Amino acid sequence: MPSYSLKKLIVVAGLVCYSSFTLAAPSHGIAMHGDLKYSSDFTHFDYTNPDAPKGGSVKQWALGTFDSFNNFIIKGTPADGLGLIYDTLTSQSTDEPFSEYGLIAKTIDVADDNSSVTFVLNKNAKFSDGEPVTANDVAFTFKTLTTEGSPVYRIYYGDVKDVVIVDEHTIRFEFKSTKNAELPLILGQLPVLPEHYWKDKDFNAPTLDKPVGSGPYMLDSYEAGRSITYKRNPNYWGADIPVNKGRYNFDFITYDYYRDTTVSLEAFKAGEYDFRQETSSKNWATSYVGPMFDNGQIIKAEIPHSRPTGMQAFVFNTRRDIFSNPDVRKALSYAFDFEWTNKNLFYSAYARTNSYFSNSEMAAEQPITPQETALLEPFKDQLPSEVFTDVYIAPVYDGSGNNRRELRTALRLLKSAGWELKNGKLLNKETGQAFTFEILLVQKEFERIVAPMLKNLKQMGIEANIRIVDVSQYINRLRDFDFDMVVSSFGQSSSPGNEQREFWGSYNADMKGSRNIIGIKNPVIDALIEKIIEAPSRQELVYRTRALDRVLQWNYYVIPQFHSTSYRIAYKPFFGMPKTRPLYDIGFDTWWVKEPTK
């Protein structure tokens, strides 16, 4: 599922306490499709080193600032690393498509008809203040997050009907529908909060009070907005259980904050922090050079991965009138010359993204199959004809920068949509309104990527401007849908499911703080999302996701950008790491310090 730290949650009808219930077939883990890789007697994941030494301090970097330790609400700017504080009911294996194993929950029992899931908690589970973790805490967390937390929780767990506290260490979630196959797994991703800590506090307000958690780390110290340090809990209850063996080896993890990525990179090269993942191809090609790399003071590596890369794109806010017409959005896609950009700005480091599920078998990159056609046929009158006849490919250029033919195509589309070019300006035929919009950015580095597109838009008669804001303002404007266009990404997992409701579902298009930043309200997409969630097999999941991909592609909700199929990382040489790497993650939580940090 998505690399968004947990999966997200939902509101329930009520809480029923202490009813009788008989467990049918409790298991140590659960797989979305197929069998679990690890048996009930496994001792550790294959990509960890169970003998990894504990100790040492590690510094990483973060962008912007923070003003809250509450990362479950839409108010405030939460600090990086807060997920280290909280344990979830289960832990996901990162060398399987979608399997989970017991963490706070010792066993998981899914009803034969998928009408409920029951978690029996590990009786040794404790919060960082020594209080035991109970079923009451799980029920409190669920109710609080789905009523007071971010809207994503409400949407994600929308198919939960009731929460039943069976006894002190047993809790059952009952479902509205038996067709939501992944609901038991995403409930396993529920972080467990301490009721005794939160009961007298305003959960819906940002706070810098040190939180109480159940995870491997505790908040140690911080300088508001500038740095935050987490300390490995020496009394962590779950240090030696199989899903944690060989993980969380650093004694201290610090995040230092920088106002922009250029300064942060120079600080890294000056030795101010220890590990960096690079997202800029220009930086990777030109800045990771010099004596410190030549003499081994910093190690540079590219690690291939099997992780779906999702969609990074220029994202339209379709709530804006100028972007409500798909033909207009299609026309503007001709303004981005990927081939020239990749050659001149990216050192040919990227592949063009065409699918919302790129680098996975779910990507609709081949002619439509009979199975997909059967899924989409009932909606034929509501879909662009290309969904059934063509494979979507974003506009392709020759890399020369001469785009006259493509821009003429764009102008023909704009003319058919009610716009005309007069005296170098694109005007609405009926109102005379000029076509202007703003591209909102949070990273200054993207300015050089956007600038060539602005030039092409100018040739269409469109006046587009860049506005760069700080992290806090950017977050707030996205929450309020206060933008015309942004550069954003929609991360995907190897097992798409309930999170698709958040990205594209009509139900939350007008819900501030939701992840449907595009503002999609499309009944066909809503129906396809439900079919994905109800997929009875892996192969059906693939067909249904490809069908959704095609509908998203041919509605031109975004201008696709690019992706890479490897992690670009740089780090100091004192790190040790397991010989086996996970398929779907960097696995930084399995590394250790070989020698004291200098």
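Predicted model: local features only at pLDDT ≥ 70, side-chain atom pairs only at ≥ 80, totals over all residues.

User: Which residue is the bridge partner of Ala62 in E12?

Analyst: Tyr257 is the bridge partner of Ala62 there.

User: What is the strand order in that sheet?

Analyst: The order is E3-E12-E11-E10, an open sheet of four strands with mixed pairing. Strand E3 (57-63) and strand E10 (217-223) are the edge strands, and each of them pairs on one side only. Ignoring direction, neighbouring strands in this sheet are turned by 20° against each other on average.

User: Next, strand E9. How many of its residues are buried?

Analyst: Six of the six residues of strand E9 (residues 170-175) are buried, so the strand is largely enclosed by the rest of the structure. The cut-off for buried is under 20% relative accessible area.

User: Which residues of E9 are on which side?

Analyst: Thr170, Arg172 and Glu174 are on one side, and Ile171, Phe173 and Phe175 are on the other. Both faces of E9 are covered.

User: What does E9 pair with?

Analyst: Strand E7 (residues 116-121) pairs with E9 in the antiparallel sense, over five bridges. In that pairing Phe119 stands opposite Ile171 of E9. Strand E8 (residues 160-167) also runs antiparallel to E9, and six bridges join these two strands. Asp167 stands opposite Thr170 in E9.

User: Changing topic: helix packing. At what angle do H16 and H17 pack?

Analyst: Helix H16 (residues 523-533) and helix H17 (residues 538-554) pack at about 160°, and their axes are 9 Å apart. Angles over 145 degrees count as roughly antiparallel, and H16 and H17 are therefore roughly antiparallel to each other.

User: Left-handed or right-handed crossing?

Analyst: H16 passes H17 in a left-handed crossing.

User: Which residues make the contact?

Analyst: On H16 they are Val524, Ile525, Leu528, Ile529, Lys531 and Ile532. On H17 they are Leu541, Arg544, Thr545, Ala547, Leu548, Val551 and Leu552. By class, the contact of H16 with H17 has 10 nonpolar residues, one polar residue and two charged residues.

User: Now E13, E24 and E14. What is their order in the sheet?

Analyst: They form an open sheet of three strands in the order E13-E24-E14, and the pairing is antiparallel. Strand E13 (275-277) and E14 are at the edges with a single partner strand each, so one side of each has no neighbour in the sheet. From one strand to the next, the twist averages 20°.

User: How many bridges between E13 and E24?

Analyst: E13 and strand E24 (residues 566-571) pair over three bridges, in the antiparallel sense. Ile569 in E24 is the bridge partner of Gln277.

User: Which helix lies across E13 and E24?

Analyst: Helix H5 (residues 261-269) lies across both strands and runs at about 140° to E13.

User: And Lys300, where does it lie?

Analyst: Lys300 lies in strand E14 (residues 299-304). At 35% relative accessibility, Lys300 counts as partly exposed.

User: What is Lys300 in contact with?

Analyst: Leaving aside neighbours within four places in sequence, Lys300 is in contact with Trp284, Tyr288, Phe293, Ile569 and Ala570. Lys300 and Arg568 are 268 residues apart in sequence, and their C-alpha atoms are 7.7 Å apart in space.

User: Last topic, backbone angles. Which loop holds Ser348, and what is the phi?

Analyst: Ser348 is in the loop between helix H9 (338-344) and strand E16 (351-352). Its phi is positive, about 55°, although Ser348 is not a glycine.

User: What about Asn423: phi, and buried or exposed?

Analyst: Asn423 has a positive phi near 50° and is likewise a residue other than glycine. Asn423 is found in the loop between strand E17 (419-422) and strand E18 (425-428). With a relative accessible area of 85%, Asn423 is exposed.

How values were computed:
Residues numbered from 1 in each chain as written. Heavy atoms only, no water. Axes fitted to C-alpha atoms, helices over the stretch in contact; angles between N-to-C directions. Parallel < 35°, antiparallel > 145°, perpendicular 65-115°, else oblique. Left-handed = near helix turned anticlockwise from the far one by under 90°. Contact = heavy atoms within 4.5 Å. Nonpolar A, V, L, I, M, F, W, Y, C, P; charged D, E, K, R; others polar. Pairing = 2+ DSSP bridges. Buried < 20%, exposed > 50% of the residue type's maximum accessible area, 1.4 Å probe, protein only.
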